[in-house]
Amino acid sequence: MSSKAAQKQAAPDSPQRVLTGRQFMLGDHACAEGALAAGLDFFAGYPITPSTEVAEHLASRLPAVGGRFVQMEDELGSIAAIIGASAAGARSFTATSGPGFSLMMENIGLAAMMELPCVIVNVQRASPSTGLPTMVGQSDILQARWGSHGDYGIVAYCPSSPQECFELTIDAFNTADRYRIPVFILMDEVVGHMAERVEIPEAKDIPHVPRKGPRTAPGTGQFLPYAADADLVPPIAHAGDGYKVHMTGLTHDERGYPSLTAETHDKLVHRLVDKVRLNAADIVDFEEQDVDDADCVIVAYGCTARSATAAVTQARAEGLRCGLLRPKTIWPFPEARVRRLLEIGKVKRFIVPEINLGQMRREIERLTQLPTLRLNHAGGAMPTPNAILEIIRS
Amino acid sequence: MPDTIEIRLGGVGGQGIALAGTLLGKAAALYDGKEAVFTQTYGPEARGGASRADIIVSDTAIAYPFVTRPQVLAVLFQEAYEKFRPQLAPDGLLIIEPDLVNPHDDDSDLVRLPAIKIAEELGNKLAANIVMLGYLVGASKAVSFHAMEEAIRETVNERHLDLDLRAFNAGYNEAIGAGDD
């Protein structure tokens with residue numbers, strides 16, 4: 001189904017699937033439009049602030065362009081439904097926030113184990129538990145990486161603007177299909193609820209990476225649904241394609257049949273992790289501002305990166321050699337870039353502002369003994385440019 | 001107009017504050033070719049109490065998205081006046097609706113715009129937000145007249161379009177002094 005997304009363009013008098021042109025829209029709406037532009041077929045979700053506008057927008061837009069929207073009974077049902085839709089070939093999607101993300105964790109592991117691509121946006125609010133439902137947080141960073149039990153690979157994007165909500169949602173669908181993994185978009189309340197200009201390209205210019213399909217005909221018995229190629233990703237056959245496919249959360253062999261041995265397990269789990277780890281250079285995405293000669297590098301993402309941008313601009317005006325490294329993929333973390341900066345040797349300290357108590361700072365501290373200064377707020381407010389500037393000046 | 005202008009609209013749920021803010025953002029970002037960010041109060045804060053719609057318009061990219069020191073403040077609700085008045089920049093433009101806001105005795109540097117009365121005369125007092133918006137655009141020049149007209153045409157429901165365009169013009173003309181004589 002996903003590969004046919006382009007052909008599923010609505011009739012000329014119907015609403016457009018790709019809203020080409022300049023729009024002024026909320027980050028949440030831009031995320032929804034990104035999903036539509038990426039060829040979204042199926043959305044199942046349960047409304048939760050501050051992600052509700054994603055679902056609300058798709059409830060009217062998706063059915064109008066030939067997709068299916070289902071409001072589920074809860075988040076457990078939502079994630080199960082999008083995994084099922086993915087097995088049938090759909091580009092599938094759900095939207096939630098921290099409490100719902102927690103409820104989805106078990107089946108996120110199932111999606112990773114069955115290698116069923118799906119995209120989940122978590123518009124982060126102040127946590128833990130119910131926390132501050134309407135106020136900003138960035139405290140689900142480590143949950144996104146490690147939340148379901150066991151070892152597995154995922155990718156998580158962190159947009160800083162409505163424009164990036166649109167663009168990175170498209171990337172999320174392509175990455176999910178390319179590597180057969182669950183992919184997260186870790187938005188935050190500030191970015192989700194701010195409106196800015198969003199430039200949407202023509203449908204033909206939207207990047208589309210299809211899933212790899214079987215290279216043998218159905219009915220020949222030759223297709224092994226979990227036999228990976230050199231890139232560690234197995235081609236996928238969808239329900240209804242005519243292949244015999246067995247999917248299970250149990251440890252399975254290349255046929256997809258349960259194979260409850262330590263050897264099979266070790267091989268399978270290594271591949272689930274390595275298909276992201278070894279392809280990280282192709283997946284990792286980041287942006288930099290004034291990093292080349294910087295002795296002080298701020299690492300920030302999401303809304304916090306906007307304050308960091310303002311702080312770096314001001315610091316430069318004061319003659320301070322300061323720069324910003326902004327991960328657009330927080331997982332995989334741009335580790336190679338940080339290692340490179342350390343090799344070059346100009347950086348003398350890092351500053352990591354976050355709306356959590358230091359979840360990404362661990363990544364920097366893991367890579368270097370250099371001073372890593374903190375600016376942490378537990379949630380409900382984002383660090384101001386001045387607060388970051390004071391640390392730069394210190 | 002300075003390189004960057006911060007605008008805050010203060011009111012109470014149902015007055016169309018968010019719509020007015022969105023229109024300002026659209027006018028700036030889509031029709032004037034400027035940068036603009038719009039944020040607003042959400043959740044319990046926005047229900048019953050003073051609500052706000054904030055817009056930053058700039059010639060250059062806007063990093064920090066929140067209004068901290070508005071140069072323009074338009075209020076349609078007493079509680080919004082009390083809450084947001086202290087944040088207005090020195091020499092900032094303060095516009096109040098006198099039927100809904102009683103300013104403090106020592107608060108003299110302000111504009112009393114009878115937006116509700118003007119809207120009623122045009123046929124519907126619910127267009128008071130757009131009258132206020134028209135004045136704000138005329139007095140601050142934060143966005144151009146034509147950009148705002150275009151934003152209204154592209155946003156407002158067909159049923160209210162004529163009224164809103166007239167309301168916008170009426171408020172704008174109040175600000176630039178047209179029709180005073």
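Start where the chains meet: select the contact, which takes 14 residues from chain B and 16 residues from chain A. Two residues are in contact if their C-beta atoms, placed from the backbone, lie within 7 Å. On the side of chain B that touches chain A, nine residues are nonpolar, four polar and one charged. Here Ala, Val, Leu, Ile, Met, Phe, Trp, Tyr, Cys and Pro count as nonpolar, Asp, Glu, Lys and Arg as charged, and the others, Gly among them, as polar.

This is a predicted model: local features need pLDDT of at least 70, side-chain atom pairs count only at pLDDT 80 or more, and totals for chains, interfaces and linings use all residues. Residues are numbered from 1 along each chain as its sequence is written, while chains are lettered from A and ligands numbered from 1 in the order in which they are written.

Next, select A:Ile154, B:Val131 and B:Met132. Of the 174 residues in the largest nonpolar core, these touch the most other members. Such a core is a set of buried Ala, Val, Leu, Ile, Met, Phe, Trp, Tyr and Cys residues joined through C-beta atoms within 7 Å. Buried means 20 or more other C-beta atoms within 10 Å of a residue's own.

Stay on A:Ile154. Not counting residues up to four places away in sequence, its contacts include A:Ala112, A:Phe184, A:Val276 and A:Trp331.

Now zoom out to chain A. Its C-alpha trace spans about 70 × 55 × 40 Å along its principal axes. Of its 394 residues, 53% count as buried. Among contacts in chain A between residues at least 6 apart in sequence, 75% join residues at least 24 apart.

Note on methods
A residue is buried if 20 or more other C-beta atoms lie within 10 Å of its own, exposed if 12 or fewer, and partly exposed in between; C-beta atoms are placed from the backbone.
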